[in-house]
Structure formats: structure tokens, C-alpha cells
Amino acid sequence: MAGVNFPFVIGNWKMNLTPYESETVAKKIVAGLPPEGLPIEIGICPSYPAMERVQRVIAKTSITLGSQNMFWKEDGSYTGEVSVRMLKDMGCHYVIIGHSERRIHLRETDYEVNKKIRLALQYGLVPILCVGEKFEERQDGKRDVVIMEEVANALKGVDKFSQLIIAYEPVWVIGRGEAIEPNEACSAIGLIRYTLKDIYPQKTIDDKIKLLYGGSIDDKNITDFVDNEEINGVLVGGSSLKPEVYIGMINNLAKHVS
Ligand code: PGA
């Protein structure tokens, strides 16, 4: 893994690739990266069945493995769920928690999100908490309230951590093919920082919490978003499935930050 102050580019492959396809995409990404270390934190979050194959491909690279989800109980009779201990055993470092697709399609609540974050931290995983407003909420002028509530509810009782990542992802921009204006992302992320000030000392926020933007990021717009102090990186869906685009994003960003 690269240094702690480098920008993050975390790919979320969602439910798109078989284990074989995941391995193929991972190999192409690894082959496309320059051999020398990059000033970027690169992560990939494949589906559960593909994790082992992807982990084998990225094992000796600077790419870090993440999960798209986990269950909120440690162990037990929870048919179909995947536990934090299983993720640790697979070599995961990150776990995405509270992605809007889970909140919408799986009815995941802030309560569950909070439990998952606490459990992930207890086991030393780095949670990537996703927050963001839906289109109707935005139309109703509720963007700020939604963001502040999602952050505050997710972090109740969360006090000990070495790193925490929060991604602002406006739900209506995910998969749209066109990102929001970078200054809008900055304003939402500024609001998250403001909300965090009620919960943590400034030093904790500065040293341990990273704030990302997610929503239709590609190789052309990535540098517009990581061009300021406010945004520490990006969470990428569709573009992370296309090796040439993902590599393009990383290379463009590397040129930009070095
Ligand atoms: P997208 O997805 O890059 O395809 O818009 C982002 C996300 O869901 O994290």
C-alpha cells in the first residue's frame, strides 16, 4: 500500500463479473500499471466468489483488496451472509458499507450500517461508508439533511479507529455517465467534514478520516475531482470494470499528483 496521504482510487465491481472474468480484468489492470510504485492508493472490491482469485492476482502489487459488503453479526446461523472474519481471512483491507444500492434494493438501514462499521473496525478492516441523497431528496432541498443524518447515524458510538473512509455518492449520479460539478462534490464533502466536527476532534478528522467522491468518475474527469484539498479520492463503479479506463484513470491521476 502507498502512503497515507495519497489519493484513493477504489473500484467497486458490484455484481458484474464472474470469478473468471474478475481474474481476467484484475490481470489486465496489474499488467497495465507501471512497475514503479505510484503515489496513489488503489483498491478493488470484487464480488465474494471472485475474491480469492483476484487476491491471488494482486497479492504482490500495491493494489489492495476490499469487499462490497459484510454482515453485522460476527458468526452464526445467517444463511447466505458473509462475515467480517471471512473477509479478514480472504485478505480484505477495505469494506464498503451502506452503498445506496444496498440501502435501496436490500432495505439496508442506518442502524445496520452502524453495526457493520463497528464490527468492521473491531476486526481491523477499513470501512468505506457511503452516503448521499436521492434525486427526489435533492429536488425537495433535503440534500444536506440526508447527508448529515446518514453520517451521524452511521458513526454513533464509533470512537476507536485508525482509518475511516466516507464516500459522498449522490445516488442519482451513480451509473449516469456524467458526474456532478466538482465544486458541488466539494460542497457536500465540506458538509460531511462539518458534521464530523460534532463527533471527533479536528486532529482525528485530519489524520484518520478520508473523504471520497463517487458517481460517474472516468479517466477524463478524475483529475477535476482530486484537484483540491477537500476530496481525498474517488469510489468508482462502471469505469473500474474496464481495465483500459481504470488504468487510464490511475495514470492520469499519477501524472497529476506527482
Ligand atoms: P459509477 O458507480 O462510477 O458507475 O457511477 C459509483 C458507485 O456506485 O460507487
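Q: Two strands pair if DSSP finds at least two bridges between them, and strands are DSSP runs of E of at least two residues, numbered from the N terminus. What makes strand 1 and strand 2 a pair?
A: In this predicted model, strand 1 (residues 8–12) and strand 2 (residues 41–45) share 5 bridges in the parallel sense. Pairing needs at least two bridges, so the two strands pair. Phe8 stands opposite Glu41 in strand 2.

Q: Which strands make up the closed barrel, and in what sense do they pair?
A: The closed barrel has 8 strands in the order 1-2-3-4-5-6-7-8, with parallel pairing. Neighbouring strands of this sheet are turned by 25 degrees against each other on average, direction ignored.

Q: How do you know that helix 11 packs on the sheet?
A: Helix 11 (residues 243–257) touches strand 1, strand 2 and strand 8 (233–236), where contact means heavy atoms within 4.5 Å. Its direction makes about 170 degrees with that of strand 1, on a scale from 0 to 180 degrees between N-to-C directions of axes fitted to C-alpha atoms, for helices over the stretch in contact. Helices are DSSP runs of H or I with at least four residues.

Q: What is noted about the phi angles of Lys14 and Ser216?
A: Lys14, in the loop between strand 1 and helix 1 (19–32), has a positive phi near 50 degrees without being a glycine. Ser216, in the loop between strand 7 (209–214) and helix 10 (222–225), is not a glycine and has a positive phi of about 60 degrees. Lys14 and Ser216 are among the residues that surround the ligand, with a heavy atom within 4 Å of it.

Q: Which conventions apply?
A: Residues are numbered from 1 along each chain as its sequence is written. Local features need pLDDT of at least 70 and side-chain atom pairs pLDDT 80 or more, while totals for chains, interfaces and linings use all residues; side-chain values use heavy atoms, without hydrogens and water.
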